[in-house]
Amino acid sequence: MDFVFGERKPFRRSRFGSITGTIVEMTPGRVGGNRTNGCIIFTTLEDENGNTVVFLMTPSTYVVDFETFSVGMTCTFWYDAEAPMPLIYPPQYNAVAAAQVLNGRMVCVGYFNASLVNEDQTLQLNMDAGVDVRTTNNQYFQGNPANHKLVVTYSHSTRSIPAQTTPQRVVVLCD
């Protein structure tokens with residue numbers, strides 16, 4: 001969002017929601033009555049309030065640093081808040097991205113505009129030649145990451161609004 005004479009345009013809610021919790025179960029998925037041959041994993045997460053959420057991890061789910069998840073790990077999962085989802089309990093979301101919670105590592109998933117500011121105006125990227133920009137299959141991204149959905153990994157940011165950071169890695173979620 002752009003600034004005009006000191007005024008900001010209204011905040012736009014991020015397209016991506018996130019939930020952080022501890023993995024309590026991982027089971028191979030089924031679609032209808034058919035097994036998916038291990039390519040889909042239902043990952044059950046319990047947040048700090050004891051709420052349970054199920055994430056459907058598919059081959060298109062981007063896992064930060066290609067980590068291998070297991071029961072007992074604390075992780076954050078991101079989902080498309082505008083995608084249709086079944087009205088069941090516990091809630092079930094298709095995971096867009098996932099990351100293990102690690103001290104000193106922050107991860108942001110969202111759409112970044114031409115100024116490299118995310119949708120909810122909380123983070124601005126300062127890109128330099130040292131920033132590793134990749135695609136989800138770990139290839140070097142050949143274009144400009146602006147105006148794309150990104151997974152941004154960074155270790156520190158300013159306390160300004162929006163916070164600014166020079167990321168360690170940017171992964172472009174190509175459509």
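**Reading the features of a predicted model**

Analyst: Tyr 79 and Tyr 93 are both buried. Please bear in mind that this is a predicted model.

User: How are the rings of Tyr 79 and Tyr 93 arranged, stacked or edge-to-face?

Analyst: One reads two values, the distance between the ring centres and the angle between the planes; planes under 30 degrees apart count as stacked. The model has six aromatic pairs. One of them, Tyr 79 with Tyr 93, is stacked, at 4.1 Å centre to centre with 20° between the planes. This pair links distant parts of the chain, as Tyr 79 belongs to strand 9 (residues 74–80) and Tyr 93 to strand 10 (residues 92–100), 14 residues apart.

User: Which residues form one aromatic cluster with Tyr 79 and Tyr 93?

Analyst: The cluster is made up of Phe 55, Phe 69, Phe 77, Tyr 79 and Tyr 93. Phe 55 also shows how separation in sequence and in space are read side by side: Thr 43 is twelve residues from Phe 55 in sequence, and their C-alpha atoms are 5.1 Å apart. Thr 43 is part of strand 6 (residues 41–46). Its relative accessibility is 0%, so Thr 43 counts as buried.

User: What sits over the ring of Tyr 140?

Analyst: It is the charged end of Arg 134, placed 3.9 Å from the ring centre of Tyr 140.

User: How does one look for empty space in a model?

Analyst: A probe the size of a water molecule is rolled over the atoms, and this shows where empty space is left. In this model, the largest pocket holds about 490 Å³ of space. Its lining has 26 residues, and Ser 60, Thr 61, Asn 94, Ala 95 and Val 96 are the closest to its centre.

User: Which strand supplies the largest share of the lining of the largest pocket?

Analyst: Strand 10 does, with five residues. Strand 8 (62–63), strand 9 and strand 10 each supply at least two residues of this lining.

User: What is the phi of Gln 121, and what is that of Asn 147?

Analyst: Gln 121 has a positive phi of about 60° although it is not a glycine. Asn 147 is likewise not a glycine, and its positive phi is about 65°. Gln 121 lies in the loop between strand 11 and strand 12, while Asn 147 lies in the loop between strand 13 (132–135) and strand 14.

User: Why is Gln 121 called buried, and why is Asn 147 called partly exposed?

Analyst: The term follows from the relative accessible area: buried means under 20%, and exposed means over 50%. Gln 121 has 4%, so Gln 121 is buried. Asn 147 has 42%, and therefore Asn 147 is partly exposed.

User: Which backbone atom lies 2.9 Å from a polar atom of the side chain of Glu 119?

Analyst: It is the backbone nitrogen of Arg 15. Glu 119 lies in the loop between strand 11 (106–112) and strand 12 (123–125). With a relative accessible area of 8%, Glu 119 is buried.

Technical notes. Residues are numbered from 1 along each chain as its sequence is written. This is a predicted model: local features need pLDDT of at least 70, side-chain atom pairs count only at pLDDT 80 or more; totals for chains, interfaces and linings use all residues. Side-chain values use heavy atoms; hydrogens and water are left out. Helices (H or I, at least four residues) and strands (E, at least two) are DSSP runs, numbered from the N terminus. Buried means under 20% relative accessible area, exposed over 50%, partly exposed in between (1.4 Å probe, protein chains only). A polar contact is a pair of N or O atoms within 3.5 Å; within protein, one must be able to donate a hydrogen and the other to accept it, and residues adjacent in sequence count only if both atoms are side-chain atoms. Rings of Phe, Tyr and Trp (its six-membered ring) pair if their centres lie within 6.5 Å; planes under 30 degrees apart count as stacked, over 60 as edge-to-face and the rest as tilted. A charge sits over a ring if NZ of Lys or CZ of Arg is within 6 Å of the ring centre and within 35 degrees of the ring normal. On a 1 Å grid over the protein atoms alone, a cavity is a set of points where a 1.4 Å probe fits but cannot get out, and a pocket is an open set with protein on both sides within 12 Å along at least five of seven lines; lining residues have an atom within 4 Å of a point. Grid points are joined across faces, edges and corners, and a volume is the space filled by probe spheres set on the points.
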